[in-house]
Amino acid sequence: MAGIGPISQDWEPVVIRKKAPSAAAKKDEKAVNAARRTGAEIETVKKFNASTNKAASSSTSLNTKKLDDETENLSHDRVPTELKKNIMQARMDKKITQSQLAQMINEKPQIIQEYESGKAIPNQQIIVKLERALGVKLRGKK
């Protein structure tokens, strides 16, 4: 290190203080009272919808009237009666159970049950599998 330049020392004092109070500590009742005693400025703000149990999104909007006026009943398509009867008849003709048919098409037995009861939402891939397994055309004209 010799030859770099003159060596000097910094002899200024270092002051170590406590860290500043957090926001929560500033709002503490004791801290507010101490600030009042010293004459410091205190700001109080009333927040909108504070201390109410209402969600911010619960207020009515412009779309509410449109939703109220809407009368269309929306629902999923179900298996047509003709298709469920065709599946049941083809399965009975082959003399196999619902679980055997489900195993043939690699699906759960509940799916076959839903299709035969008419509760399932039609899936063309499953219907194609059923047509292949049963050897019958289930959709369209025969």
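# Reading helices and salt bridges

User: What does 32% relative accessibility make K129?

Analyst: At 32% relative accessibility, K129 counts as partly exposed. The idea is a simple scale: under 20% relative accessible area is buried, over 50% is exposed, and partly exposed sits in between, using a 1.4 Å probe and protein chains only. Keep in mind that this is a predicted model, where local features need pLDDT of at least 70, side-chain atom pairs count only at pLDDT 80 or more, and totals for chains, interfaces and linings use all residues. Residues are numbered from 1 along each chain as its sequence is written, and side-chain values use heavy atoms, with hydrogens and water left out.

User: Which side chain does K129 meet in a salt bridge?

Analyst: A salt bridge here is a side-chain nitrogen of Lys or Arg within 4 Å of a carboxyl oxygen of Asp or Glu. K129 pairs that way with E107, at 2.9 Å from N to O. The two come from distant parts of the chain, 22 residues apart: K129 is in helix α7 (residues 124-134), while E107 is in the loop between α5 (98-104) and α6. E107 is also partly exposed, at 22% relative accessibility.

User: How many salt bridges does the rule give?

Analyst: The count comes to three. Another one joins the side chains of R139 and E131, 3.1 Å from N to O. R139 is partly exposed at 31% relative accessibility, whereas E131 is buried, with a relative accessible area of 14%. Then there's R91 with E116, whose side chains meet at 2.6 Å, N to O. R91 lies in helix α4 and E116 in helix α6, so this pair ties together parts 25 residues apart in sequence. R91 is buried at 7% relative accessible area, and E116 is buried at 6% relative accessibility.

User: What else does R91 touch, leaving aside neighbours within four places in sequence?

Analyst: Contact means heavy atoms within 4.5 Å. On that basis R91 touches I96, T97, Q98, L101 and L134, as well as E116.

User: How do I read the packing of α4 and α6?

Analyst: Two packed helices are described by the angle between their axes and the distance between the axes. Helix α4 (residues 81-94) and helix α6 (residues 109-117) have axes 7 Å apart, at an angle of about 125°. That makes α4 oblique to α6; under 35 degrees would be roughly parallel, over 145 roughly antiparallel, 65 to 115 roughly perpendicular, and the rest is oblique.

User: Which residues meet there?

Analyst: From α4 you have K84, I87, M88 and R91, and they meet Y115, E116 and S117 in α6. By class, this contact has three nonpolar, one polar and three charged residues. Ala, Val, Leu, Ile, Met, Phe, Trp, Tyr, Cys and Pro count as nonpolar, Asp, Glu, Lys and Arg as charged, and the others, Gly among them, as polar.

Conventions. Axes are lines fitted to C-alpha atoms, for helices over the stretch in contact, and angles run from 0 to 180 degrees between N-to-C directions. Helices (H or I, at least four residues) and strands (E, at least two) are DSSP runs, numbered from the N terminus.
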